Number of protein chains: 2
Amino acid sequence: MPTQAGPMPTQTALRIPAPQTLARARALAEPALRAAVATLHPLPARMAAFSFGWCEADGTPSPSPGGKGVRQAFALLGAEAVGAPLGTAVQAAVAVELVHTFSLVHDDIMDGDERRRHRPATWKAYGTGPAVLTGDALFALAVRTVAEAGGEHAGRAVAHLADCLGELVRGQADDLLFENRPWTGRGAVGIPEYEAMAARKTGALLGCALSLGPVLAGAAPLQTGALAEAGRRLGTAFQIVDDLLGIWGDPQTTGKPVHGDLLRRKKTLPVLAAVALDDGATARELARLLGPDTPPDAAAADRAAGLVEAAGGREFALEEAHRHAAAAHDCLHGSGLAEGAVGELVALSAHLLQRQL
Amino acid sequence: MPTQAGPMPTQTALRIPAPQTLARARALAEPALRAAVATLHPLPARMAAFSFGWCEADGTPSPSPGGKGVRQAFALLGAEAVGAPLGTAVQAAVAVELVHTFSLVHDDIMDGDERRRHRPATWKAYGTGPAVLTGDALFALAVRTVAEAGGEHAGRAVAHLADCLGELVRGQADDLLFENRPWTGRGAVGIPEYEAMAARKTGALLGCALSLGPVLAGAAPLQTGALAEAGRRLGTAFQIVDDLLGIWGDPQTTGKPVHGDLLRRKKTLPVLAAVALDDGATARELARLLGPDTPPDAAAADRAAGLVEAAGGREFALEEAHRHAAAAHDCLHGSGLAEGAVGELVALSAHLLQRQL
């Protein structure tokens, strides 16, 4: 059982505040990212610019900055942790942001999510077919970016990226299959299975973000492996935090309805943990409230949220997020990586986990 | 004006009959392709097997052989033309078949095509979201296949593949934009623009098929360039033949309705050529029959087909297909490639063009 709840270790981490880390990463990576996207055909280029949050659906520049740019920051810090050249770091950052946006655009189609970052999803703004094309364009561009940045390590770097892409697909496939599986009894989704899915769906790309620059720069496998595993663990922690926010997050912040993931009957860790921890009356009641025979309304979701919390599902998930983050820190501190970059990475991770909770 | 209509040059080409070439390619490539697909998550693996024609939607093995396997045959012959090792040739064949099927699965979503090879399209069989995932899985697997097969030339080979993927996206984007453009007047689609689209949408992958094995094997740029250009020209010719079949093809063979592309108002070369060649009453009548104010019925499509033929659009397209095929042969014969492989390739291309017409 995890026991490491409580604030994240931030002693070495507060040297550089997280917003400053994110801002520096954006300043370094975004011009290169925009230049890469500008090489696309004008149609997918415009839809990609919308997907990145750079413009509205009609092409007018957007005042909002799009996403936080966590993955580009991870890529730059991962590269700095092994002393990779800045140019390599920037190309890695561009590639992972391209893959991230590709996966958001296609995942929103698969999940039927109509909103993303308080705006229409790309498929809602332009149609499903054009959104499929946009994702494909970003995917191809990411591969090209790594292949061209790679020099003598290009083959290894592209294989590394392809492994990550394969993991993303596996995680998404697991998540799709989870939808049709029961909450209890035979075929129920277990906690280890859930965590394996989260490690693939969210962890793989953060692992790739931290390690791609080092692979491109020819860093030692011990270091690239430690960075990939750290990113994977942090990604798993972030996914669990997303699960918590999907139930208890402030709709003003998340842009999603109260108890949204309960209304959608998503197999999230807090609910799976509540079912597993109780396994009696509460589990049966949750299975009924979130099953096909109960209409998905606010009252049922509200009651389910209360049951999950009372059964300890919320606390368990929080502890798991902290456990994965702590494991990530162990990876980062034991592999001879540059202390400054590691400290900044730990601070950024702590900021992201704490701010969201 | 093109003047090279008539039978394809087949003197050196008939040494090995095309069906034998296709059968040998299938025997070499399909086991490796099946092994690669088997490494996917079970959900996309099953949907991919359906997309390749290996099984029905419920997973029962299919008696039909799927596609003809033209791209895998091209890949093997391209590799043989430079004396590449067989293992490299097979991996190139696997990669291009993966990319081809990825593009079919996603294009059918974009184009709203419900049928493919006399069966439901993947998105009709499993839903749009799962079909998006299937394409992504195949795409990632193709990249991985090349990255792992590449050895010291991996970076160049993946960049080559990524260029091809980028061209596919550009061709598809052009094709999507063509839908909303007029037949005549300002903004009309010109013949050169059409041919650039066809070279991207269909030619790029055949160019990649012929040249990927050679790039993986470290062949000279003169040879890889000649093979890429030959494949691109042949692909353009095949696309034009597809256009002809989309209007005048036998529904029993094509699995599509009579005059299907006219009913769908597709911007195909025979119609664009008829409009460009006439530019008077016929062009205006075609624009009316295939415009938004005429209901897309059999009578209008029938009349449009007659007008296209009378204006010379059918003959022009046929001549263009032959012109591109002849240009491909010029590339193949002038670059010191192995004569046996080139002869087999020429015979295969002639067979494909003649059989379809």
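The tour starts with both chains, moves to where they meet, and ends inside chain A.

Before you click: this is a predicted model, in which local features need pLDDT of at least 70, side-chain atom pairs count only at pLDDT 80 or more, and totals for chains, interfaces and linings use all residues. Residues are numbered from 1 along each chain as its sequence is written, chains are lettered from A and ligands numbered from 1 in the order in which they are written, and side-chain values use heavy atoms, with hydrogens and water left out.

**Both chains**

**Where they meet**

Now select the contacts, meaning heavy atoms within 4.5 Å. You'll get 35 residues of chain B touching 35 residues of chain A. The copies meet through the same surface, because 100% of the interface residues of chain B are also interface residues in chain A.

How much area do chain B and chain A bury between them? About 2,900 Å², with 79% of it on carbon and sulfur atoms; buried area is the accessible area (1.4 Å probe) that two parts lose on being put together, summed over both. Show H41(B), L133(B) and V169(B) next: in chain B they lose the most area to chain A, together 18% of what that side buries.

Next, show R144(A) and D163(B), whose side chains meet in a salt bridge at 3.5 Å, N to O (the rule: a side-chain nitrogen of Lys or Arg within 4 Å of a carboxyl oxygen of Asp or Glu). There are 2 salt bridges between chain B and chain A.

Switch to the cartoon view, with helices (H or I, at least four residues) taken as DSSP runs numbered from the N terminus. On the side of chain B that touches chain A, α2 (42-51), α4 (86-111), α6 (128-149) and α7 (154-178) each supply at least two residues. Which helix gives the most? That's α7(B), with 15 residues.

**Inside chain A**

Finally, zoom in on E30(A) and R34(A), a salt bridge with its closest N and O atoms 3.0 Å apart. These two are separated by about one helical turn, because they sit 4 residues apart in helix α1 (residues 18-37) of chain A. Over all chains, the count comes to 46 salt bridges.
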